[in-house]
Amino acid sequence: MPRFPPSPSPNLLQRLFSSSNKRSSSSPTAALLSGDFHLRQFSSGNAARAAKGEKEPWWKESMNKVRNIGISAHIDSGKTTLTERVLFYTGRIHEIHEVRGRDGVGAKMDSMDLEREKGITIQSAATYCTWKDYKVNIIDTPGHVDFTIEVERALRVLDGAILVLCSVGGVQSQSITVDRQMRRYEVPRVAFINKLDRMGADPWKVLSQARAKLRHHSAAVQMPIGLEENFKGLIDLVHVKALFFHGSSGENVVAGDIPADMEELVAEKRRELIETVSEVDDVLAEKFLNDEPVTAAELEEAIRRATIAQKFVPVFMGSAFKNKGVQPLLDGVVSYLPCPTEVNNYALDQDNEEAKVTLTGSPDGPLVALAFKLEEGRFGQLTYLRIYEGVIKKGDFIINVNTKKRIKVPRLVRMHSNDMEDIQEAHAGEIVAVFGIDCASGHTFTDGSVKYTMTSMSVPEPVMSLAVQPVSKDSGGQFSKALQRFQKEDPTFRVGLDPDSNQTIISGMGELHLDIYVERMRREYKVDATVGKPRVNFRETITQRAEFDYLHKKQSGGAGQYGRVTGYVEPLPSDSKEKFEFENMIVGQAIPSGFIPAIEKGFKEAANSGSLIGHPVENIRIVLTDGASHAVDSSELAFKMAAIYAFRLCYTAAKPVILEPVMLVELKVPTEFQGTVAGDLNKRKGIIVGNDQEGDDSVIQAHVPLNNMFGYSTSLRSMTQGKGEFTMEYKEHSAVSNDVQTQLVNAHNATKPTD
């Protein structure tokens, strides 16, 4: 660890800031009031390029002024209130409504009752606003693992994020979850410590918690003047100025002098900020170690470099409810968070086995856009698009890579929460909405010159099913309309029909996932549905080769049925991409070639329902080696029936086994509960594959059969006093033990109707 120079003296402030004054003809106060202080870094960069004689591309200037950000937080940290203030100060809305205000209007972003009740963002939407010549798109991000696809897409669309922390509650469980997701998707972020006006507010405690629990390399770029009911304003540590918020809604930001009794503390905190940033930024480290004064512009540029490289998290402060600190936070968003060209986005090339391709992010390239959100509007389906490369124009023809369809863009709009503004064209880095395009969430659009997709086309298989049916017969139309729409929105949500009971079966990624859709059906489509017991999607497979030789012969007046098939079934290798293979190895014309497709169809149909527990059979290869036909009595139906019966006869001889979905479960629990939780996982037939220590918490990874994970969240809460959390994702289907197989087969036989 390098040795740093001794602590500053109280008059260090003047020395630290003196050279900044020499550089700028206007005083820092004037710069702050005119709102141009955060633009310096761009103008200086552009000037440097101009000096070298390089020509700027036509789009560079406008791309530098775009920010795509998300606001994430633990429930009740003031995320909605903060968004409401941001919309107000940027002129998006003209009056402020509180989340639980007496006027009964409610906040602009609280649109769905279900979101308010559950505290989960389910419907994400983009709101566009302008702040000092910058276009800022604010995107809501869902945070629950059951909506994996939705989370992935929402975070995919973001270039940066604001993590809101409560100055009283500090870093809470959901804060840790959303931060973990941001880290996984490499999203640069700034932190905002909210609610400084509340009793017990302590921003420095929250800052140390963020460093310890979230492993943030962070420092405050502001500090409060007073706390709780004495919270009067903020001190900007970068520009060394006090900021006060006047007016009925805090709309007038007034820069003033730092209170005399705080000068020493300000110098200490600014030095701490410079020291923390210099640990991850070489340019600033050199100045700091040489004990040279650091100007505001140099510090700002260093913070920006470190934030974009995800090595540093600047911490802002304020109270959104009391209208303090929101405008400097917006300045921080444009100063420190990246523009679209500064973020690495990659696509998957479908022509080259989904190889990763880095996108340039420039409007000069071929069009690549991702549909990340669908909404049922008054005029049909509204599709939100994030453009990663190229330009999209109204009236253009674009190609949906997922469906291979060519579509014309009938109407292009920019969203202002619920309102729309028609536009003629949009280029890379922007978020727009399109009407009249039939697509699903997660589809990629190009101009046809490339075949890229933004997310992998392989969607995880659903792991859990529920039987649902509408309570009243009259609501059948709305019921099917809802299911159709949900399938379009979410590729991990599937709908099928149970042939035995004739019930509608919905399948998804977990209990919460399916519960939310049943609840949304009730609220949005006014359809009450009864829900059956959750069912796990088992599979069956065979373990050895078995021969078949079956003659289907039926004579009943007139033309009969005749078809004979001979061959064998065998298991496919475990790494095979195909689940079912059919091969015709007949030499000669023992069976006319016109009947071969009917035989394949018969085997496929038989493999849809294995004889153990009636679930689909996979990883199976069927080889046809011989057969016989009749000149008159042979037909497609005869051979199809022969194939079905042949499969059933040889299936038992092939030693079938049942496969169950195994989940990769990751738990984070305080160390004192580690033994109890591990013991419970063993009881559930789980295999613990990893155990790490992260601060005071143990992180356990285990493979657990899904069938044993029902109601686990309740058990985990009671075992860990509500402090444990877990995420669960599908890993693979693997064979069950003999005793479980016997139980499942007996249970299936008991439900079969007796003849």
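How closely do the axes of helix H10 and helix H11 come together, and at what angle do they cross?

The model before us is predicted: local features need pLDDT of at least 70, side-chain atom pairs count only at pLDDT 80 or more, and totals for chains, interfaces and linings use all residues. Residues are numbered from 1 along each chain as its sequence is written, and side-chain values use heavy atoms, with hydrogens and water left out.

Let me return to the opening question. The axes of helix H10 (residues 263–278) and helix H11 (residues 282–289) come within 8 Å and cross at roughly 130 degrees. H10 is therefore oblique to H11. Here, helices (H or I, at least four residues) and strands (E, at least two) are DSSP runs, numbered from the N terminus. Axes are lines fitted to C-alpha atoms, for helices over the stretch in contact, and angles run from 0 to 180 degrees between N-to-C directions. Angles under 35 degrees count as roughly parallel, over 145 as roughly antiparallel, 65 to 115 as roughly perpendicular and the rest as oblique.

On the H10 side, the contact (heavy atoms within 4.5 Å) is made by Arg271, Ile274, Glu275, Val277 and Ser278, and on the H11 side by Leu284, Ala285 and Phe288. By class, this contact of H10 with H11 has five nonpolar, one polar and two charged residues. In this scheme Ala, Val, Leu, Ile, Met, Phe, Trp, Tyr, Cys and Pro are nonpolar, Asp, Glu, Lys and Arg are charged, and the others, Gly among them, are polar.

Because they are three residues apart in helix H10, Glu272 and Lys269 are separated by about one helical turn. The structure holds 26 salt bridges.

Helix H12 (residues 296–308) and helix H13 (residues 326–336) pack at about 70 degrees, with their axes 9 Å apart, which makes H12 roughly perpendicular to H13. Glu300, Ile303, Arg304, Thr307 and Ile308 of H12 meet Val334, Ser335 and Tyr336 of H13. The residues of that contact divide into four nonpolar, two polar and two charged.

I turn now to the strands. Which strands form the open sheet, and in what order? Four strands do so, in the order S31-S32-S34-S33, with mixed pairing; two strands pair if DSSP finds at least two bridges between them. Strand S31 (546–554) and strand S33 (580–584) are the edges, each pairing on one side only. From one strand to the next, the twist averages 25 degrees.

Within this sheet, S32 (residues 561–571) and S34 (residues 620–628) run antiparallel and are joined by eight bridges. Val565 stands opposite Gly627 in S34. Helix H16 (residues 596–607) lies across S31, S32, S33 and S34, at about 150 degrees to S33. Helix H17 (residues 636–651) lies across S31, S32 and S34, at about 40 degrees to S32.

Finally, a hairpin. Strand S9 (residues 241–246) is joined by five bridges to the antiparallel strand S10 (residues 252–256), and Ala242 stands opposite Gly256 in S10. Five residues lie between the strands of this hairpin, where Gly247 takes a positive phi near 100 degrees. Thank you for your attention.

How values were computed:
A salt bridge is a side-chain nitrogen of Lys or Arg within 4 Å of a carboxyl oxygen of Asp or Glu.
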